[in-house]
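Visitor: I'm new to this one, so could you walk me through a few parts of it?
Guide: Gladly; here it is, and then please ask away.
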Amino acid sequence: MSQKSKAVVFRSAQNPFSVEEVEVLSPGPDEVMVKVAACGVCHSDLSATNGTIPVPEGTVLGHEAAGTIVEVGEAVTDLAVGDTVGISWIPMCGACRFCLMGRPALCDRPMKHGPKMPDGTSRLRDANGKELSHFMSTAVMAEYATLHENSVIKIDPGIPMPSAALVGCAVTTGVGAVLNTAKVEPGSVVAVIGAGGVGLNVIQGAVLAGARVVVAIDTSDEKLEFARSFGATHLLNPKKEEKLVDKVRKTVGAPDYVFECIGLAETIQQSYAMLRKGGMAVIVGIAPATQKVELPALHLSVSEKTLTGSMYGSTRPRVDFPKLVDLYKAKRLKLDELVTQKYRIEDAPRAFEDMKKNARGVIVFD
């Protein structure tokens, strides 16, 4: 049956984080309802409120969460009430070319990013009965969420829910960019531009891959200290360096891999420029659609550098989510340490304000 639920709703640029009571409708045949235990406060949610990721007004935010299934649709066979689950914001169809190639992060499902469920309808209503939209087809910054079964991945119930929530986006995106997209080789020199939630997980991924040098680059000294604790061997603040590319090359040599985790044309260009010949720059950050990147055309051929993107860490959620949880249980992956601050849903506006100082803020539900 439907559930009343507190949720964070994007209403307008002037009212981006409205905490409201909404109605979450019962699941359809191939859907489940999840009682959300924790939801990460991700920069992508902020991007949805400032226009970088266009969404309609009246969108329930949230795409990085974990919780417990409380209701299942009649056609669902692999999930059951009581299962502990993480949330994938790409409900892979399993039938398109990319899913069949083992690249579900590039799934061709047309509704994979919302603003509705994959079937094009909504399971959300506001207090006046007006239909609301689902951010990333998930809308999990709420006490309850109805989701397609392909958005729900069973995970070990023993992991703390605030930590488990981060597997749904920041951890998978960052670690996956290293292990899945770039396939970083042991002994490599890696530079990471941006030491936010995703960047810290790129650093963790580089450590897991056996990189011998990991350079963290950020304009916040506080974020750089986080980076050190997650395995960065060198820290650079561009505000204190006139020529970042030259400084990196002088400090550690030209990197084998550079990961851009901000989403700015300038830093994408810097990523490519600082690479060694034959190196790879991986763009993880989401840049505004209006931005253009200019590169020296001659270098594209003579240096054999690679410039590529990483969508959701090139993840295979049903494979990678449990693997990441196993790495956490083996004490090879830090998750608890990512959770800088916990918030009640009523404090969501403050949680977004605190993003600049947090590794990751997490909204925790009773």
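Visitor: Is strand 18 mostly enclosed or open?
Guide: In this predicted model, strand 18 (residues 360-364) is largely enclosed by the rest of the structure, because four of its five residues are buried, where buried means under 20% relative accessible area with a 1.4 Å probe and protein chains only. Strands here are DSSP runs of E with at least two residues, helices are runs of H or I with at least four residues, and both are numbered from the N terminus.

Visitor: How should I read the numbers in general?
Guide: Residues are numbered from 1 along each chain as its sequence is written, and side-chain values use heavy atoms, leaving out hydrogens and water. As the model is predicted, local features need pLDDT of at least 70 and side-chain atom pairs count only at pLDDT 80 or more, while totals for chains, interfaces and linings use all residues.

Visitor: Back to strand 18: how does strand 3 pair with it?
Guide: Strand 3 (residues 31-41) and strand 18 are antiparallel and share four bridges, and two strands count as paired if DSSP finds at least two bridges between them. In that pairing A38 stands opposite V364 of strand 18.

Visitor: And what about strand 17?
Guide: Strand 17 (residues 339-343) runs parallel to strand 18, joined to it by four bridges, with V339 standing opposite R360.

Visitor: Switching topic, which residues of helix 6 are buried?
Guide: They are L244, V245, V248 and V252, and they lie on the same side of helix 6, because they cover an arc of only 105° around the axis, the arc being that of the directions from the helix axis to the C-beta atoms.

Visitor: What do they pack against?
Guide: The buried residues of helix 6 pack against strand 11 (189-193), strand 12 (213-217), strand 13 (234-236) and helix 7, with contact meaning heavy atoms within 4.5 Å.

Visitor: At what angle do helix 6 and helix 7 pack?
Guide: Helix 6 (residues 244-252) and helix 7 (residues 265-274) pack at about 35°, with axes 9 Å apart; the axes are lines fitted to C-alpha atoms over the stretch in contact, and angles run from 0 to 180 degrees between N-to-C directions. On the helix 6 side the contact is made by L244, V245, V248 and R249, and on the helix 7 side by Q270, A273 and M274.

Conventions. Buried < 20%, exposed > 50% of the residue type's maximum accessible area, 1.4 Å probe, protein only.
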